[in-house]
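Please look at the sequence and the structure before reading on.

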Amino acid sequence: MKKKGAGGKRKPKASEAPPLFPDSPVQLAPGSISQPMAAPVWTEQKAQLIARYLRYFVFITKHGAYIDGFSAPKDPDNPNSWAAKLVLDSEPRWLRQFYLCDLPDRTLHLDALVDAQPDVPNRTIEVVPGDFNATVHRVLRSPAISGKTATFCLLDQFSTECHWQTVRSLAQHKGPGFHKIELFYFLAAGWLFRSLSGFKDSSIPEAWWGRSDWESLRGVGQDGLALRFSERFQSELGYRFVKAWPIYEREGAGGRIMFYMIHASDHPQAPVQMNRAYRNIVEPLETVEQLMFEYGQQ
Ligand SMILES: C[S@@+](CC[C@H](N)C(=O)[O-])C[C@H]1O[C@@H](n2cnc3c(N)ncnc32)[C@H](O)[C@@H]1O
């Protein structure tokens, strides 16, 4: 018996139908570039974004290590813009290990910050002086950064100080089967092209980009740059979730994108929680009780 419709003339699927505009170019949407946000995060809110994200992070992990490769304050007169301080002060104080790294002539700020911290049970804070491209190996030798330790690393460079090999060492530290060290990488999209033109010694951009073809970045534009980096975090370093978060100059000062923070993680909740932190940046902090309730800790 013939089923109704089975042998008749088949209706073409939508994908087989002739295109409306056959000559138009194929559009490929960029996979990892953030779309415009309802409320952009300003440059001076970057530290709050990091601290807020890590507050959500600990409600999921209940522990964790924080590595800050370039951690002394950019603006020592404005402690509210200092990521390391805001993360250390964030409640509940569930992050256990801190590695605060910077050049030796800037660690006095870090020493003072550590001295002013209250004693928190099970918490250790280490100030690590030196070039982070070298000291990263000392930090990673710490038994505290084991496969199971939820670890977040901030790479808040000025422009091209963080070598790609350093990023790779962090990404490759944990063995298979563990979530890689989560990265939050500063990409100076707003002034990078100016910086790149100023280099007489090509070893600096080459170490930063990790390859000799860094000149191919000229002319790709800000979004293109963020996309090139995001792709490398995904395909070369193997991160499952990568997103470039745009950080803006204040509207009165032009409102343009100043830089991107590239967030790379293997944890499916990481982009969700970063999205929450980004969107809530101007909202008052949730109480610990509210977060306990929301994240099911009660
Ligand atoms: C943009 S600032 C960091 C800002 C800081 N995260 C904050 O929240 O205010 C960059 C820092 O990197 C440090 N730095 C530059 N080159 C470095 C290197 N090779 N190794 C470690 N730190 C470095 C500088 O001394 C400076 O403190």
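**Terms and the values behind them**

Q: Why is Asn-122 called exposed?
A: Asn-122 has 9 other C-beta atoms within 10 Å, so Asn-122 is exposed. The model is a predicted one, in which local features need pLDDT of at least 70 and side-chain atom pairs count only at pLDDT 80 or more, while totals for chains, interfaces and linings use all residues. Residues are numbered from 1 along each chain as its sequence is written.

Q: Where does Asn-122 lie, and what is its phi?
A: Asn-122 lies in the loop between helix 3 and strand 4; helices (H or I, at least four residues) and strands (E, at least two) are DSSP runs, numbered from the N terminus. Its phi is positive, about 65°, although Asn-122 is not a glycine. Most residues other than glycine have a negative phi, and most peptide bonds are trans.

Q: Why is Lys-62 called exposed?
A: Lys-62 has 12 other C-beta atoms within 10 Å, so Lys-62 is exposed. Lys-62 is found in the loop between helix 1 (46–61) and strand 2 (65–68), and its phi is near 65°, a positive value in a residue other than glycine.

Q: Why is Glu-231 called partly exposed?
A: Glu-231 has 14 other C-beta atoms within 10 Å and is therefore partly exposed. Glu-231 belongs to helix 8 (residues 221–236).

Q: How do you know that the buried residues of helix 3 line one face?
A: In helix 3 (residues 107–115), the residues Thr-107, Leu-110 and Leu-113 are buried. Seen down the helix axis, the buried residues fall within an arc of 110°, so they line one face of helix 3; the arc is that of the directions from the helix axis to the C-beta atoms. An α-helix has 3.6 residues a turn, so residues three or four places apart point the same way. On the other side of helix 3, Asp-111, Ala-112 and Asp-115 are exposed.

Q: What do the buried residues of helix 3 pack against?
A: They pack against helix 2 (83–89), strand 3 and strand 4 (124–129), where contact requires C-beta atoms, placed from the backbone, within 7 Å.

Q: What makes strand 1 and strand 4 edge strands?
A: The open sheet has 8 strands in the order 1-7-8-6-5-2-3-4, with mixed pairing. Strand 1 (41–42) and strand 4 each pair on one side only; two strands pair if DSSP finds at least two bridges between them.

Q: How do you know that strand 3 and strand 4 pair?
A: 6 bridges join strand 3 to strand 4, and these strands run parallel. Asp-102 stands opposite Pro-129 in strand 4.

Q: Which residues are closest to the ligand, and what is the makeup of its shell?
A: 20 residues surround the ligand, and the closest are Phe-70, Ala-72, Ala-83, Phe-132 and Asp-156; a residue is near a molecule if its C-beta atom, placed from the backbone, lies within 6 Å of it. The shell divides into 10 nonpolar, 4 polar and 6 charged residues, where Ala, Val, Leu, Ile, Met, Phe, Trp, Tyr, Cys and Pro count as nonpolar, Asp, Glu, Lys and Arg as charged, and the others, Gly among them, as polar.

Conventions
A residue is buried if 20 or more other C-beta atoms lie within 10 Å of its own, exposed if 12 or fewer, and partly exposed in between; C-beta atoms are placed from the backbone. Two residues are in contact if their C-beta atoms, placed from the backbone, lie within 7 Å.
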